[in-house]
Structures are given as structure tokens and as C-alpha cells.
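Biologist: Could we go through this model together? I would like to start with the overall fold and then turn to details.

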Amino acid sequence: MDRQIEKAIVAALEQFENITGKSIAEFQDKVNSVFESEKGFMDKVADLDATFDDEPALENLREVFFDLLMVNFFSEDVHKLADDYLETPEWEEIEEATIDRGTELLNVLLYIQECEDEDIQPDLEDFLKEFLLVDEDEFQDEHRIYEEMISNQILMESSIEEISKVAATLPEDSELKDLFYPIMSFFFETNPEEDDVETVVIYSDDAEFDAPVYSLLIAFNEAD
């Protein structure tokens with residue numbers, strides 16, 4: 001398993017345990033086994049789903065962990081395959097089969113990896129304009145999906161409390177409704193102190209989701 005992914009999983013599940021008081025040790029062992037398996041990607045997806053099926057309390061993190069599984073595939077598994085594997089019909093079939101899986105968190109994780117490669121700090125404006133290219137005509141789908149983030153960049157000069165207030169006003173059909181608060185909180189403070197993490201929890205309307213997602217982003221962004 002990719003080291004960053006491992007840290008992200010640990011951070012997310014520890015935060016979930018802190019919030020709920022529910023032990024996650026057995027679930028974490030099962031998830032680790034899925035990620036470390038030598039199986040093909042779709043078999044890993046099936047095993048991950050089975051693991052979540054057995055732990056309904058963690059259901060709202062299922063698609064987030066799918067994102068992590070996808071990043072782990074790009075970081076680790078793909079290197080064991082043919083150089084052109086991502087251009088093969090087999091991969092096209094996988095993309096088609098998983099087109100409705102995962103969340104927009106995947107883009108943030110891939111962006112963080114790019115920042116590490118380029119030795120720069122993650123930044124919301126850079127993410128939107130240089131990674132997602134939301135200002136380019138051919139990337140208007142991304143502009144539509146991330147419209148709330150684009151229009152609320154001023155929040156990076158505000159506070160976690162204000163980010164929470166704006167998150168509460170997003171329409172129910174927004175594709176970023178659930179992720180806006182933890183992602184924007186991450187960009188607001190990418191290297192938080194313990195008090196900052198507690199603040200994210202305090203102002204969350206759904207701490208069982210927001211705190212694990214925020215914590216996994218922070219852990220994923222930490223240098224080894």
C-alpha cells in the first residue's frame with residue numbers, strides 16, 4: 001500500500017473512532033488487507049464494498065475510501081502492469097464500470113500528489129486554475145462542479161466558522177454539498193495545529209463524515 005494512503009486511512013478511521021467512540025480496529029485490518037491484496041482492481045473494489053457492507057456505521061465513508069483505492073492503484077498497482085495499461089480496453093471497461101463511483105475528493109488527492117512532486121504547498125486558487133483549469137473553455141464541466149468553491153475563494157481569508165456557514169447554504173443538488181466543508185477547511189489550513197482540527201469538528205454539521213475526510217487530507221498531505 002502507498003505510504004500516504006496508509007496514513008490517510010489511519011487518520012480517517014482514528015478520527016471516526018474519536019467522534020463516535022466506536023472501535024474501528026477490525027474494520028481497519030480488513031481495509032488494509034484489501035489495499036495490500038495482489039488482486040485486480042475490480043476484485044479489490046468488490047472486497048472493499050463487502051467490508052463496508054459489514055460495517056454500516058461507516059457507510060458514509062464508502063465512496064471516499066473508493067477514492068483512496070483508486071489513488072493507491074495509480075500510485076502502486078499500475079506499476080506492476082504493462083506500461084500502456086491505462087490505454088487498454090481492459091482499463092476502459094473498468095472506467096466505464098466505475099463511472100458512478102467515488103467523489104470529487106479524488107481530484108484533491110491527485111492534486112496533493114502533484115504538489116508533492118513539484119515541492120509546493122496546496123493552494124485553493126492553484127487547485128482550481130492550474131490543476132482543474134476551470135477558467136479554460138474546454139473545462140466548463142469542472143467549472144460547473146466546482147462553482148461554489150470558485151465563487152467562495154474569499155473564504156481562504158476568513159475562518160473555519162465562516163466556511164461552515166457557507167457550506168450550510170449550498171443547495172441540496174450541489175455535487176460538492178457534502179465535501180465543501182472538509183475540502184475548504186483543508187485548503188484554509190493545510191498544516192493545522194490540534195486546536196485547528198478541534199475547530200473543524202466544533203463547526204461541523206456532520207462530524208462523523210467531515211472530521212475523517214479533513215483528517216485524511218491533512219495526513220495525505222504530510223511529508224514522510
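This is a predicted model: local features need pLDDT of at least 70, side-chain atom pairs count only at pLDDT 80 or more; totals for chains, interfaces and linings use all residues.

Biologist: What box do the C-alpha atoms fill along the principal axes?

Modeller: The C-alpha atoms of the chain fill roughly 45 × 45 × 35 Å, taken along those axes.

Biologist: And how many helices and strands are there?

Modeller: The chain has 13 helices and zero strands. Read along the sequence, the pattern is therefore α-α-α-α-α-α-α-α-α-α-α-α-α.

Biologist: What share of the contacts links residues 24 or more positions apart?

Modeller: Among contacts with a separation of 6 or more, such residues account for 66%.

Biologist: What about burial: what percentage of the residues count as buried?

Modeller: Of the 224 residues, 47% count as buried. The accessible surface of the chain comes to about 11,500 Å², and carbon and sulfur atoms hold 42% of that surface.

Biologist: Let us turn to pockets. How much space lies in the largest pocket?

Modeller: The largest pocket holds about 660 Å³ of space. Its lining consists of 24 residues, and I99, T103, E104, L106 and N107 lie nearest the centre.

Biologist: Which elements give two or more residues to that lining?

Modeller: They are helix 4 (62–75), helix 5 (89–97), helix 6 (105–118) and helix 8 (140–145). Helix 4 gives the most, with four residues.

Biologist: How does the lining divide by class?

Modeller: The lining of the largest pocket has 12 nonpolar, four polar and eight charged residues.

Biologist: Now a single residue. Where is T98, and is T98 buried or exposed?

Modeller: T98 is in the loop between helix 5 and helix 6. The relative accessible area of T98 is 7%, so this residue counts as buried.

Biologist: Which residues does T98 touch, leaving out those up to four places away in sequence?

Modeller: T98 touches F41, M42, F66 and M70.

Biologist: One more residue: where is S164?

Modeller: S164 is in helix 10, which covers residues 160–169.

Biologist: Why does S164 count as buried?

Modeller: The relative accessibility of S164 is 11%. Buried means under 20%, so S164 falls in that class.

Biologist: And which residues are in contact with S164, if neighbours within four places in sequence are left aside?

Modeller: S164 is in contact with Y181 and Y203.

Notes: Residues are numbered from 1 along each chain as its sequence is written. Side-chain values use heavy atoms; hydrogens and water are left out. On a 1 Å grid over the protein atoms alone, a cavity is a set of points where a 1.4 Å probe fits but cannot get out, and a pocket is an open set with protein on both sides within 12 Å along at least five of seven lines; lining residues have an atom within 4 Å of a point. Grid points are joined across faces, edges and corners, and a volume is the space filled by probe spheres set on the points. Ala, Val, Leu, Ile, Met, Phe, Trp, Tyr, Cys and Pro count as nonpolar, Asp, Glu, Lys and Arg as charged, and the others, Gly among them, as polar. Buried means under 20% relative accessible area, exposed over 50%, partly exposed in between (1.4 Å probe, protein chains only). Contact means heavy atoms within 4.5 Å. Accessible areas come from the Shrake-Rupley method with a 1.4 Å probe; for residues, only the protein chains shown count as cover.
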